[in-house]
Amino acid sequence: MAVKILSVDDELDLELLLTQYFRRKIRKGEYEFHFAHNGLEALTMLLKEKDFDIILSDINMPEMDGLSLLTKINEMQNPALKCIMVSAYGDMGNIRQAMNNGAFDFATKPIDLDDLSQTIEKAVEQINYIKTMQQEHRQLESIKGDLAVAREIQHAILPRIFPPFPESAHLVDIAASMNAAKDVGGDFYDFFRIDNHRIGFVIADVSGKGVPAAIFMAVSRTLIRATGLRAVKPSECITYSNNLLTEESTNCMFVTAFYGIYDVNTGEVTCTNAGHNPPYVVKADGSIRKLPFSEDFAVGIVKDYSFKEESFLLERGDTLLLYTDGVTEAVDTEENEYGEERLETLLRNTLHTDCQQMIDNVKADVKTFVGEAEQSDDISLLAIKRL
């Protein structure tokens, strides 16, 4: 694209001088000159055509002088539009005022065209730099907007209505929460009704953060849910999901996951832990029990791996709390971790609360602990209480 230059001068000879001197650049399409003979005429042209790059303006002109024109140009707030002021060598007072008012550079009459050519080239370098920055800023704004939409979509695919199963509200209480460290996250939770007495539930943490983790999260969540709805055992669900994700995984991405099936009538939980943090069972009497550490791989690492399965019973009043490592590995400003010990202490002191209150208590305690430190990882929690 040609650099578009507007020369503003009441001396008509200057038009001939500039077109003759810059004829090669004009012929090559590098420069495109336009001419006005006073500030008012120039301002009219600027308002009609918004794509001028350089204004080469005399200071002393009829109807509207160069300093007044410069003021009007500043009001346009276009940092990519550069003004080069021209005046007699003895007019240093006005030249100085023009520079103080934001002119890019100046030239003195009689104009040294070689020097003016260098000044224009210097202005073009600045203009190109600013336009590049503006383009990158627009791209960043576009990406920011896309991420905001992606964040809304990500939250929309997670269950957000509590209690989720009104017909079983007298038997089971469920609540969940996911807070991403970035615009979008890699954590997810889910729960769904398999039949009239069984509920499938899952909490998972994708390796990495940001957009790649969010995409892998959406795929993993959809796959586990679709498989779980077929009423297969948790070990079969995770094994099947693992085989598909291992084939499709790029950049060695994987996901730790805890998938279980809860029987609302008996309180029995059948589950498979694929490398995820062991959940806690908070007993009705205030004692807590951590489930055994998983010896299984995370999902998406080893194809044809057979995942194990275990079962345990939730007594009436017991709560199963699942979480991602964004809770226990949250750090304060001195890089101290929140840790499992603090979480266990909090859970022991959390008596006779519903699932939502338990989750809120954990989140509030973590927030108090980290203080002013930036959230370093996604934080997700899922609680199921037998009533």
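I started with the open sheet: five strands in the order 7-8-9-10-13, with antiparallel pairing (two strands pair if DSSP finds at least two bridges between them). This is a predicted model, where local features need pLDDT of at least 70 and side-chain atom pairs count only at pLDDT 80 or more, while totals for chains, interfaces and linings use all residues. Residues are numbered from 1 along each chain as its sequence is written, and side-chain values use heavy atoms, leaving out hydrogens and water. Strands (E, at least two residues) and helices (H or I, at least four) are DSSP runs numbered from the N terminus.

I found strand 7 (187–193) and strand 13 (310–313) at the edges, each pairing on one side only. From one strand to the next, the twist averages 20°.

I then looked up strand 8 (residues 198–206) and strand 9 (residues 255–263): nine bridges join them. V206 sits opposite V255 in strand 9.

**Helices 1 and 6.** I checked how helix 1 (residues 13–21) packs with helix 6 (residues 113–156): the angle is about 70° and the axes are 12 Å apart. Axes are lines fitted to C-alpha atoms, for helices over the stretch in contact, and angles run from 0 to 180 degrees between N-to-C directions. That makes the pair roughly perpendicular (65 to 115 degrees). In helix 1, L17, L18 and Y21 meet L113, D114, L116 and S117 of helix 6 (contact is heavy atoms within 4.5 Å).

**Cysteines.** I got zero disulfides, counting cysteine sulfur pairs within 2.5 Å. For C355, the nearest cysteine sulfur, that of C271, is 17 Å away.

Notes: Parallel < 35°, antiparallel > 145°, perpendicular 65-115°, else oblique.
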